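Hi,

Here is the structure I promised to pass on. Have a look through it first, and then read my notes below.

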Amino acid sequence: MALLHEIPAPLSPAAATRVLVLRNYVVYKSAWKLFVTGFLEPVFYLFSIGIGVGQLIDTFEFHGEAIPYAEFVAPAMLATSAFNGALLDSTYNVFFKLKYEKLYDQMLATPLSTGDIARGEIAWGLMRGSVYSAAFLVVMAVMGLTHSWWAVLALPAAVLIAFAFSAVCMAVTTWMTSWQDFDKITLVQMPLFLFSATFFPVEAFGDGVLRWVVEATPLYRGVVLCRELTTGVVTWESAVSVVYLVVMGIVGLLVVRRRLDRLLLT
Amino acid sequence: MISARGLRKSFGDFEAVKGIDVEVRRGEAFGFLGPNGAGKSSTMRMIASVSPVSGGELRILGMDPATDGPAIRGRLGVCPQEDTLDKELSVFDNLYIYGRYFGIDRATCRERARELLEFAQITDKAKAKVESLSGGMKRRLTIARSLINNPDLLLLDEPTTGLDPQARHVLWDQLFRLKQAGVTLVITTHYMDEAEQLCDRLVVMDKGLIAAEGSPRELIDAHSTREVAELRFGVGEHEAIAGKVEDLGERVEVLPDRLLVYSDHGEDVVTAVLDRGLQPLATLVRRSTLEDVFLRLTGRRLAD
């Protein structure tokens, strides 16, 4: 047998993250069709509601500017595609790997650490969400739904959304004990999708507490950020959203790491 | 290679390992023998540097697992009790990707994976999904995978549990070859034949403590007689008959299904039993094994 002449040094954090992404890439290389459905979902919403229902609606006012309904809905679907893509991998798939496949136990028998696993899995969720968003952004551009060069920045914004949700959803998943618990995820996912000013303006919630609550939810921050960028109406609120999502992702990452320590290094 | 002093592991109030001293030398095959719940797996997980030590001192390859975990794990091969293979990957990728986790470069990984497929005799299954492998093949793949980094120290937790006799012998042969190639083996098992086959030295663990230590031969010599006469009587009679034969050997053990009379001359015991007019349904004279040692030391059978 060929001998390794020297023992390779444990991987750097960046290299370890890449190897974990590689592992997921190899798994999905043969299952790329799964990616197509994830991409199509927001496209269907855009066509049915943004354009179909949009014919019944004149224009919406967004930050004082009148925009066609399709242009209102499209950036929301962009944010949602990042959200859904990140959620898929960081909930169901992570739970399967953690509880059933014991994949992380295998990884921890090697020089990899719980921090590497947290980073690698979140990076993968982020990439999946980003791929959906990038494809969707192309659809938007082709359909003439982008109105500013700011729209180029909608892609990094979507990456940020994917990062924030990937991290937090993975953290939440570490507390799950059975598949039934995933009903709770759906229970949060649906209202976030429907009420984050995705299909109607946040002003519809009136000026009360409800509106404040909606404005403080993460998908709303993502939707508004994308909408500001694709319509070119960038405000100070955009910066708030960016900081919000960055903090959310970092907190999620730290929690995931701590939880994996607790669950796996016993 | 491994040095433990007063090593402890507790989970809340439960103490799984209650202070053990172990010394494993380079190139030997060392066994942890004991029933389920004796603390073998907890000890193995601490050695594998994935389970923090609760008390005492542990050094692996001269390093402290609390601070040098990744460096230690880079030189270990771990074959866990359950086959934790990556079911989403092909057989080949299970080896290749696992190698990459160690930071081994692509070309070396590919080459090692091919060699190990050959070693595990599953080359023709390289592209198959893990699920389609038989139990023995999965086990061999798990062991092959643990060798991807050419480990100095190979940890095997119950390596042959659940395998049929043929598959066990194939595996023993492979482990023997590794040992000859200079790999230090640490094995846990509750099969005494496995321990006798594979281990140069072993410790018998019971309830979190070490009950005895030595080579299989030394342990048998120290704690048992040369031979054992097994006497089987009718259901429920063993307890009553034990008193009538206890003077025939050094010691008598009453098991639910038979009596064990320990003596250096087993055939003489059987003759004497028949002379006394007792009529066992079956008799067997055999050499003492590690199981007898264990019975003596703990009052229990190994496979419980």
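Before we start on where the chains meet, one term: two residues are in contact if their C-beta atoms, placed from the backbone, lie within 7 Å. Please also keep in mind that this is a predicted model.

**Where the chains meet**

With that cut-off, 28 residues of chain A are in contact with 29 residues of chain B. Which elements of chain B give two or more residues to the side that touches chain A? They are α2 (65-73), α3 (91-101) and α4 (106-119) of chain B. Of these, α3(B) gives the most, with five residues.

**Chain A**

Chain A has ten helices and two strands. Starting at the N terminus, you can follow them as α-α-β-β-α-α-α-α-α-α-α-α. The radius of gyration of chain A is 20 Å, close to the 18 Å that the globule rule gives for 266 residues, so chain A is as compact as a globular protein of that length. Its C-alpha trace spans about 70 × 40 × 35 Å along the principal axes, and 45% of the 266 residues of chain A count as buried. Take the contacts in chain A between residues at least 6 apart in sequence: 82% of them join residues at least 24 apart.

The UniProt record, an unreviewed entry, puts the annotation "transmembrane region" on residues 122-143, 149-172, 192-214 and 234-256 of chain A. Residues 149-172 of chain A are 79% helix and 0% strand, with end C-alpha atoms 36 Å apart. Residues 192-214 of chain A are 43% helix and 0% strand, and there the end C-alpha atoms lie 9 Å apart.

Now find helix α10 of chain A, residues 236-264.

**Chain B**

Chain B is divided into domain 1 (2-220) and domain 2 (226-287). The C-alpha centres of these two domains of chain B lie 39 Å apart.

Strands β8 (residues 201-206) and β9 (residues 209-214) of chain B run antiparallel and are joined by five bridges. The hairpin has two residues between the strands, and K207(B) takes a positive phi near 50°.

Two other residues of chain B have a positive phi without being glycines. S49(B) has a phi of about 60°, and its place is in the loop between α1 (40-47) and β4 (55-60) of chain B. E158(B) has a phi of about 50° and is found in the loop between β6 (153-157) and α6 (165-180) of chain B.

Are S49(B) and E158(B) buried or exposed? A residue is buried if 20 or more other C-beta atoms lie within 10 Å of its own. S49(B) has 26 other C-beta atoms within 10 Å, so S49(B) is buried. E158(B) has 20 within 10 Å, so E158(B) counts as buried too.

Happy browsing!

Key: Residues are numbered from 1 along each chain as its sequence is written. Chains are lettered from A and ligands numbered from 1 in the order in which they are written. This is a predicted model: local features need pLDDT of at least 70, side-chain atom pairs count only at pLDDT 80 or more; totals for chains, interfaces and linings use all residues. Helices (H or I, at least four residues) and strands (E, at least two) are DSSP runs, numbered from the N terminus. A residue is buried if 20 or more other C-beta atoms lie within 10 Å of its own, exposed if 12 or fewer, and partly exposed in between; C-beta atoms are placed from the backbone. Domain bounds come from an automatic or database domain assignment. The radius of gyration is taken over C-alpha atoms; the globule rule is 2.2 Å times the number of residues to the power 0.38. UniProt positions are given in the numbering used here, feature names are shortened, and annotations may be inferred rather than shown by experiment. Two strands pair if DSSP finds at least two bridges between them. The expected span of a helix is 1.5 Å times one less than its number of residues.
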